[in-house]
Amino acid sequence: MPDSELITFKDMCARFDVTPRTLRYYEYIELLSPKKVGRSRFYGPREVARMTLILRGRKFGFALEDIRQWLDIYQQKGSKEQFQNFLKQADAQLGVIDQQIEELRAARADLLSLCDETRALLTDRTD
């Protein structure tokens, strides 16, 4: 891989808007494997693609272990099994998200009701 395709640790943090601690943690748990030259780390296209998938999975609420499994399956067994595994986990996560949406709707309705009651009390006051 040409060195022109490599980005530094600092640039990787900036590109993905993550802290150095996060990037080091992903390396520690072996989700990322940068090229090391002395104490410096350099990330190639593979690591950039993996980071994109990691952050996308986190955005959707998946655990890092689930994400690790997707990356491992992709690397070892090809895309069909990876897609099947992802769909199974995605369907389960969609159920979790739907439940959270319902809970948020209920909380919003309760808060709106409380606001309405408070506005009515405020209007009735003659301080």
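Buried means under 20% relative accessible area, exposed means over 50%, and partly exposed lies in between. Arg-46, with a relative accessible area of 39%, is therefore partly exposed. The model described here is a predicted one.

## The sheet

The 3 strands make an open sheet, and their order is β1-β3-β2. The pairing is antiparallel. Strands β1 (7–8) and β2 (35–37) are the edge strands, and each pairs on one side only.

Take the β1 side. β1 and β3 are joined by 2 bridges and pair in the antiparallel sense. Ile-7 stands opposite Tyr-43 in β3.

Now the β2 side. β2 and β3 run antiparallel, with 3 bridges between them. Lys-35 faces Phe-42 in β3 as its opposite residue. Lys-36 has Arg-41 as its bridge partner in β3. The two strands form a hairpin, with 2 residues between β2 and β3. Gly-38 sits in that turn and has a positive phi of about 65°.

In general, strands of a sheet pair through backbone hydrogen bonds, either parallel or antiparallel.

## Salt bridges

How many salt bridges does a search of the whole structure find? The search finds 6.

| Residue | Partner | N to O distance |
|---|---|---|
| Arg-41 | Glu-27 | 2.5 Å |
| Glu-47 | Arg-46 | 2.5 Å |
| Glu-65 | Arg-68 | 3.1 Å |

Start with Arg-41 and Glu-27, whose side chains meet in a salt bridge. Arg-41 belongs to strand β3 (residues 40–43) and Glu-27 to helix α2 (residues 20–28), so the pair ties together parts that are 14 residues apart in sequence. Is Glu-27 buried or exposed? Glu-27 counts as buried, because its relative accessibility is 12%. Arg-41 counts as partly exposed, at 22% relative accessibility.

Next come Glu-47 and Arg-46, also joined by a salt bridge. Glu-47 is buried, with a relative accessible area of 5%. Arg-46 is partly exposed.

Glu-65 and Arg-68 both lie in helix α4 (residues 64–77). They are 3 residues apart, about one turn of the helix. Glu-65 counts as partly exposed, at 41% relative accessibility. Elsewhere, salt bridges that share partners join Glu-27, Lys-36 and Arg-41 into one network.

Where is Gly-44 placed? Gly-44 is in the loop between β3 and α3 (45–59). Gly-44 counts as buried, because its relative accessibility is 6%. Gly-44 and Met-12 are 32 residues apart along the chain, and their C-alpha atoms are separated by 9.8 Å.

## The largest pocket

The largest pocket holds about 240 Å³ of space. Which elements give two or more residues to its lining? They are α3, α4 and α5 (79–124). The residues that line the largest pocket include Leu-53, Arg-56 and Gly-57. Also among them are Phe-60, Phe-62, Ile-67, Trp-70 and Leu-71. Gln-82, Phe-83 and Phe-86 belong to the lining too. By kind, the lining of the largest pocket divides into 8 nonpolar residues, 2 polar and 1 charged.

Notes:
Residues numbered from 1 in each chain as written. Predicted model: local features only at pLDDT ≥ 70, side-chain atom pairs only at ≥ 80, totals over all residues. Heavy atoms only, no water. Salt bridge = Lys/Arg side-chain N within 4 Å of Asp/Glu carboxyl O. Helix = DSSP H or I, 4+ residues; strand = E, 2+ residues; numbered from the N terminus. Buried < 20%, exposed > 50% of the residue type's maximum accessible area, 1.4 Å probe, protein only. Pairing = 2+ DSSP bridges. 1 Å grid on protein atoms, 1.4 Å probe; cavity = no way out; pocket = protein on both sides within 12 Å on 5 of 7 lines; lining within 4 Å. Points joined across faces, edges and corners; volume = space filled by probe spheres on them. Nonpolar A, V, L, I, M, F, W, Y, C, P; charged D, E, K, R; others polar.
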